Amino acid sequence: MTSLPAVADADLVILGAGCAGLSLAARLARSQSGLRVDAVEPRTDYEDDRSWCFWRPERHDLSELVSHSWAGWRFSGATGQALHHRVAGLRYQYVRGSDFYARARERIDSSARIRTHAGVHATGLVPLGDGPDALVRVETDRGSIIARHVIDTRPRVMPAALYQSFSGVEIESEHPLPFDQREVGLMDSMATDDGGMHFRYTLPLGRTRALVEWTRFSVSPVPLATLSAELDTELGLLGLAGARVIRREGGILPMGTLGALPEVARGVVFAGNSGGALRAASGYGFLRIQRWARACAESLQRGEPPVGHPAEPWLRRSMDRIFLQAVRADLERGPEYFLALARGVPAAGLVRFLSDAARLTDYARLIASLPTVPFLRQLAPSRSSAARDMVRT
């Protein structure tokens with residue numbers, strides 16, 4: 001007896017409804033594309049556990065999500081000497097996790113063709129055939145879903161050149177806080193110890209409220225308990241040990257991932273942080289995710305397969321690799337390198353570099369600002385890696 005061919009339950013299954021998954025699903029909901037979309041997410045509820053920041057003009061397509069913005073930002077070392085930056089027409093902008101989640105879920109809930117499976121864990125992907133129209137069975141702990149396409153945004157542990165580990169608290173004080181309300185402490189009090197390079201990141205949210213994060217760059221992830229204890233020590237040094245904690249956040253961002261993503265069946269695409277959303281040299285990813293979500297939604301609306309994050313241009317990929325390798329090779333000089341960038345690269349050029357828009361002149365200023373010998377040492381392995389990349393393509 002011949003079995004009947006499988007029939008798709010959904011045009012698209014999104015695994016993981018975090019920033020990437022929600023961004024794509026919300027765009028598809030607004031487009032009224034008619035696609036049947038299932039989002040599978042282990043969480044049953046969303047907490048105010050994330051912050052996303054970026055540089056943009058004061059008004060833009062995401063303005064309604066921005067709760068605070070600042071005209072300036074600051075770098076400083078352990079001695080307290082500060083370098084202050086600002087760019088006419090640009091502001092450093094803050095999106096609160098709870099606001100992003102609420103807007104995305106509201107848009108998704110308004111669409112009858114997008115279903116969210118909360119509290120459900122995906123356990124496997126099984127290809128149903130090998131042709132161009134082959135389907136994929138998504139296995140979960142609540143049953144299976146047969147899909148035409150799958151986008152996997154789930155976080156996964158991957159080896160990296162460096163790890164950016166951080167623990168943060170939003171605090172409220174009875175007295176004015178010791179922070180300049182006009183600017184962000186982007187990398188304050190940079191220093192090193194046996195655990196790697198560390199610094200404080202500060203977003204002043206009012207005269208008596210701020211988000212303060214303790215961040216480390218290290219060759220291996222730092223436990224959250226260690227970071228939280230160090231953050232408490234830092235708050236004590238600032239005279240803020242008694243401030244009321246409103247909420248906490250934390251995470252580990254791989255900078256310059258070294259491992260390859262697992263092989264998957266036709267019709268499965270990776271996205272999100274583990275799929276290439278994070279900028280290797282900085283950890284910024286929110287705007288990159290929004291650009292990907294727009295491109296992926298447009299591809300699906302044209303009847304084409306979903307797309308992953310675009311490959312990094314060769315020059316950006318090479319510069320990020322060289323920079324991360326140099327920092328990893330001598331973490332004790334990390335603060336020196338970042339202060340050199342802040343001092344030697346004009347603010348507009350540094351923002352373009354951090355925002356994926358660097359020009360050749362920006363790269364030239366970046367190279368000229370950094371110590372020559374440590375970075376020349378990294379050119380040989382970088383050239384070898386570039387050659388391997390060219391052979392593969």
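**Backbone, cores and rings**

Ser189 lies in strand β13, which spans residues 183-193, where strands (E, at least two residues) and helices (H or I, at least four residues) are DSSP runs numbered from the N terminus. This is a predicted model, in which local features need pLDDT of at least 70 and side-chain atom pairs count only at pLDDT 80 or more, while totals for chains, interfaces and linings use all residues. Residues are numbered from 1 along each chain as its sequence is written, and side-chain values use heavy atoms, with hydrogens and water left out.

The phi of Ser189 is near 55°, a positive value in a residue other than glycine. Ser189 counts as partly exposed because its relative accessible area is 27%, given that buried means under 20%, exposed over 50% and partly exposed in between (1.4 Å probe, protein chains only). Asp356, in the loop between α7 and α8, also is not a glycine and has a positive phi of about 65°, but Asp356 is buried, with a relative accessible area of 16%.

The largest nonpolar core has 48 residues, of which Trp73, Phe75, Tyr92 and Leu203 touch the most other members; such a core is a set of buried Ala, Val, Leu, Ile, Met, Phe, Trp, Tyr and Cys residues joined through side-chain atoms within 4.5 Å. A second, separate core of 36 residues includes Leu62, Ala271, Phe286 and Ile289.

Turning to the helices, the axes of α5 (residues 314-329) and α6 (residues 334-344) come within 9 Å and cross at roughly 140°. That angle makes α5 oblique to α6, since angles under 35 degrees count as roughly parallel, over 145 as roughly antiparallel, 65 to 115 as roughly perpendicular and the rest as oblique; the axes are lines fitted to C-alpha atoms, for helices over the stretch in contact, with angles running from 0 to 180 degrees between N-to-C directions. Phe323, Ala326 and Val327 in α5 meet Tyr337, Phe338 and Leu341 in α6, where contact means heavy atoms within 4.5 Å.

Finally, the aromatic rings: the whole structure holds 18 aromatic pairs, a pair being rings of Phe, Tyr or Trp (its six-membered ring) with centres within 6.5 Å, called stacked if the planes are under 30 degrees apart, edge-to-face if over 60 and tilted otherwise. Phe353 and Tyr363 form an edge-to-face pair, 6.2 Å centre to centre with 85° between the planes, and both residues are buried.
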